[in-house]
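Dear colleague,

Please find the structure below, together with its sequence.

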Amino acid sequence: MIDTRYIGHRFAPYSVPVEAGRLRFFAKATGQTDPVYSDPDAARAAGHPALPVPPTFLFCLEMESPNPAAVRELLGLDYKGLLHGEQGFVYHRQAHAGDTLTFEQRIEDIYAKKGGALEFVVRLTRVSNQHGDLVAELRCVTVMRHASPASAPAVSTPAKA
């Protein structure tokens, strides 16, 4: 079983600049046709100071953590049994090209279902801008699937630094 003592664990915050070129590329890659996401003049005409961050782009920036595998390593999770369970976003204010966003991740919950065959890790990430204003809260649920409850580990051990 995943050690529930890690509930509340906070990872070191990190900051990521929001670059206009990446926003345009993301809008194109996701089929966003609204010019507000790709044309700075259209964005300004719509009342934005610069290109706005499209929905879900924050998830891309979250993966720029200094160690994207930090949760897996901390909890000793075997990558072969991991599944993406759920993802959610709560937006508080718009972010734009030129902003620097800070990501603060913590483990919100750890629980099991199906007699331990499925274990869930809930991670919450607070995203704030360079002014300290809350931009969004990202919620991600990772599922650890064990072949059978008998094969679930008794207790995960922390990764050694």
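**Salt bridges**

Glu-86, Arg-106, Glu-108 and Arg-139 are linked in a network of salt bridges, a salt bridge being a side-chain nitrogen of Lys or Arg within 4 Å of a carboxyl oxygen of Asp or Glu. Please note that this is a predicted model, in which local features need pLDDT of at least 70 and side-chain atom pairs count only at pLDDT 80 or more, while totals for chains, interfaces and linings use all residues. Residues are numbered from 1 along each chain as its sequence is written, and side-chain values use heavy atoms, with hydrogens and water left out.

Nine salt bridges are found in a search of the whole structure. One of them joins the side chains of Glu-64 and Arg-22, at 2.4 Å from N to O. Since Glu-64 lies in the loop between α3 and α4 and Arg-22 in helix α1 (residues 20–29), this pair ties together parts that are 42 residues apart in sequence. Helices (H or I, at least four residues) and strands (E, at least two) are DSSP runs, numbered from the N terminus. Glu-64 is partly exposed at 35% relative accessibility, and Arg-22 is partly exposed at 29%; here buried means under 20% relative accessible area, exposed over 50%, and partly exposed in between (1.4 Å probe, protein chains only).

Asp-41 also forms a salt bridge with Arg-44, with the closest N and O atoms 2.7 Å apart. These two residues are three apart in helix α2 (residues 40–45), so about one helical turn separates Asp-41 and Arg-44. Asp-41 is exposed at 52%, whereas Arg-44 is partly exposed at 46%.

**Glu-62 and its partners**

The side chains of Arg-123 and Glu-62 meet in a salt bridge of 3.4 Å, N to O. Arg-123 belongs to strand β4 (residues 118–128) and Glu-62 to helix α3, so the pair ties together parts 61 residues apart in sequence. Arg-123 is buried, with a relative accessible area of 14%, and Glu-62 is buried at 5%.

Glu-62 is also joined to Gln-105 by a side-chain polar contact of 3.2 Å. A polar contact is a pair of N or O atoms within 3.5 Å; within protein, one must be able to donate a hydrogen and the other to accept it, and residues adjacent in sequence count only if both atoms are side-chain atoms. Gln-105 sits in strand β3 (residues 100–113) and is buried at 10% relative accessibility. Beyond four places in sequence, the residues that Gln-105 touches (heavy atoms within 4.5 Å) include Arg-10, Glu-62 and Arg-123.

Arg-10 lies in the segment before β1 (14–17) and is exposed at 60% relative accessibility. Leaving aside neighbours within four places in sequence, Arg-10 is in contact with Gln-105 and Arg-106.

**The largest pocket**

The largest pocket holds about 500 Å³ of space. On a 1 Å grid over the protein atoms alone, a pocket is an open set of points where a 1.4 Å probe fits, with protein on both sides within 12 Å along at least five of seven lines; lining residues have an atom within 4 Å of a point. Grid points are joined across faces, edges and corners, and a volume is the space filled by probe spheres set on the points.

Of the 20 lining residues, Pro-68, Ala-69, Arg-123, Cys-140 and Thr-142 are the closest to the centre of the largest pocket. The elements giving two or more residues to this lining are α3 (57–62), α4 (70–75), β2 (82–91) and β5 (134–145).

Yours sincerely
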